[in-house]
Amino acid sequence: MKNKKIILSICAAVMVAYTLVMLLVVYRGDKAPKNYTEAKDGVVWVVSQYGEYYSAGSGFAIGEAGKPIQYIVTNYHVVFNSDTGRKADSVNVFFSAAANRYMSAQIYSYSADKDLAVLKLPEPTTERKALKLRKMKDTDTSATYYALGYPAIADVGVDYTKYDVSDIVTTSGIISRQSTVGEVEAYLLDIDINHGNSGGPLVSAKGEVVGINTFSMNSSDGTANYAVCIDELLRIVEPEYVDYMVVGDINKRGVIVIALTIAVDAAIVAFALAVALGKRGAKAAAAGGGYATQISNIGYTVAAGDPAIVIKGISGSYRGEEFELQGCFSCGRSGSIRLPLQTFVKGQ
């Protein structure tokens with residue numbers, strides 16, 4: 001009995017420990033940036049070349065938490081000429097212009113209608129961190145948001161710009177409303193964005209990207225700034241090819257780990273039940289639960305006018321049950337006592 005208690009205790013301890021370890025793997029918590037300041041670690045400077053002419057904008061990394069990144073989100077008009085639709089001859093993603101740390105990128109996916117593009121780096125890099133994405137339905141428009149990027153106006157009067165994380169400009173404000181502009185879901189912003197901000201992320205206080213800073217509309221009444229909702233980005237990326245994190249979603253690796261955890265925990269529980277039930281089975285066998293020769297407290301009677309012998313259990317696991325015998329009845333440990341059918345017997 002003592003050994004079985006030890007086994008059950010070990011099973012419980014192993015199951016708890018294993019489950020906790022697997023949960024840590026799934027949520028290895030999240031090495032993604034946790035606030036808008038840390039979100040700068042996901043922002044890049046994007047430079048497109050058209051012959052001798054070039055244009056610049058911003059972008060941000062998407063991918064899986066804690067892993068090297070390979071995909072950059074920006075605006076279509078940053079890598080295509082917005083007037084002619086001409087594709088850039090080359091696109092460079094800068095992590096630090098001063099240190100000459102950059103990669104040439106491939107235009108992997110894009111939508112002119114949504115003014116969005118996804119760039120693919122030639123190989124994964126740890127130069128930047130992947131940012132989490134938040135869908136429109138989960139976005140609190142009453143909160144404060146932050147536009148991150150490299151607006152050209154910030155370089156006016158500056159002697160030297162490195163175009164690395166320390167040069168990223170942050171402007172803050174609120175989302176005035178959710179809007180549809182040219183069939184594109186967007187946020188109207190009460191936040192300053194300028195040329196160069198294009199393609200940069202609009203993030204929450206937790207560093208989650210809710211939109212891509214994209215365009216401004218001018219009128220005699222003033223300027224309206226817009227960010228394309230992250231939902232539009234999710235419609236053009238291929239989830240089976242491009243890794244990204246969406247707040248509230250469980251990634252593929254997490255699903256596999258959780259399924260494996262459930263399977264192993266179920267096996268441990270099954271083993272523990274087998275140990276517990278095995279103990280009860282042994283007790284039942286000792287009490288004569290399965291063999292007629294081990295039944296205790298049984299009375300034997302011969303019904304009047306009926307040559308049959310009926311055995312009735314008066315206690316134990318066979319209490320209340322009756323068994324009719326034919327011919328001779330043998331009893332005793334070796335079956336040495338044989339009672340003829342007509343014999344009247346009462347006792348144990």
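**Exercise 1.** Leaving aside its neighbours within four places in sequence, which residues is Leu 133 in contact with?

*Solution.* Start with what is being read. This is a predicted model, in which local features need pLDDT of at least 70 and side-chain atom pairs count only at pLDDT 80 or more, while totals for chains, interfaces and linings use all residues. Residues are numbered from 1 along each chain as its sequence is written, and side-chain values use heavy atoms, with hydrogens and water left out.

Step 1. Contact means heavy atoms within 4.5 Å.

Step 2. With neighbours within four places in sequence set aside, Leu 133 is in contact with Phe 60, Ile 62, Val 209, Ile 230, Leu 233, Leu 234, Tyr 244, Met 245, Val 246 and Val 247.

**Exercise 2.** Find which residues of the largest nonpolar core touch the most other members, and which elements give two or more residues to this core.

*Solution.* Step 1. A nonpolar core is a set of buried Ala, Val, Leu, Ile, Met, Phe, Trp, Tyr and Cys residues joined through side-chain atoms within 4.5 Å. Buried means under 20% relative accessible area, exposed over 50%, and partly exposed in between (1.4 Å probe, protein chains only).

Step 1. The largest core has 30 residues, and Phe 60, Leu 133 and Leu 233 touch the most other members.

Step 2. Two or more residues each come from β1 (43-50), β2 (53-62), β3 (69-74), β7, β9, β13 and α3. Helices (H or I, at least four residues) and strands (E, at least two) are DSSP runs, numbered from the N terminus.

Step 3. Another core, of 24 residues, lies apart from this one; Ile 69, Tyr 76, Val 79 and Ala 130 are among its members.

**Exercise 3.** Are Arg 134 and Glu 208 buried or exposed?

*Solution.* Step 1. Arg 134 and Glu 208 form a salt bridge, their closest N and O atoms being 2.7 Å apart.

Step 1. Arg 134 has 16% relative accessibility and counts as buried. Glu 208, at 9%, also counts as buried.

**Exercise 4.** Describe how β7 pairs with β3 and with β6.

*Solution.* Step 1. Two strands pair if DSSP finds at least two bridges between them.

Step 1. β3 and β7 run antiparallel and are joined by five bridges; Val 73 stands opposite Val 118 in β7.

Step 2. β6 and β7 also run antiparallel, joined by five bridges, and Gln 106 has Lys 120 in β7 as its bridge partner.

Step 3. β6 and β7 form a hairpin with four residues between them, and Asp 115 in the turn has a positive phi of about 60°.

Notes:
Salt bridge = Lys/Arg side-chain N within 4 Å of Asp/Glu carboxyl O.
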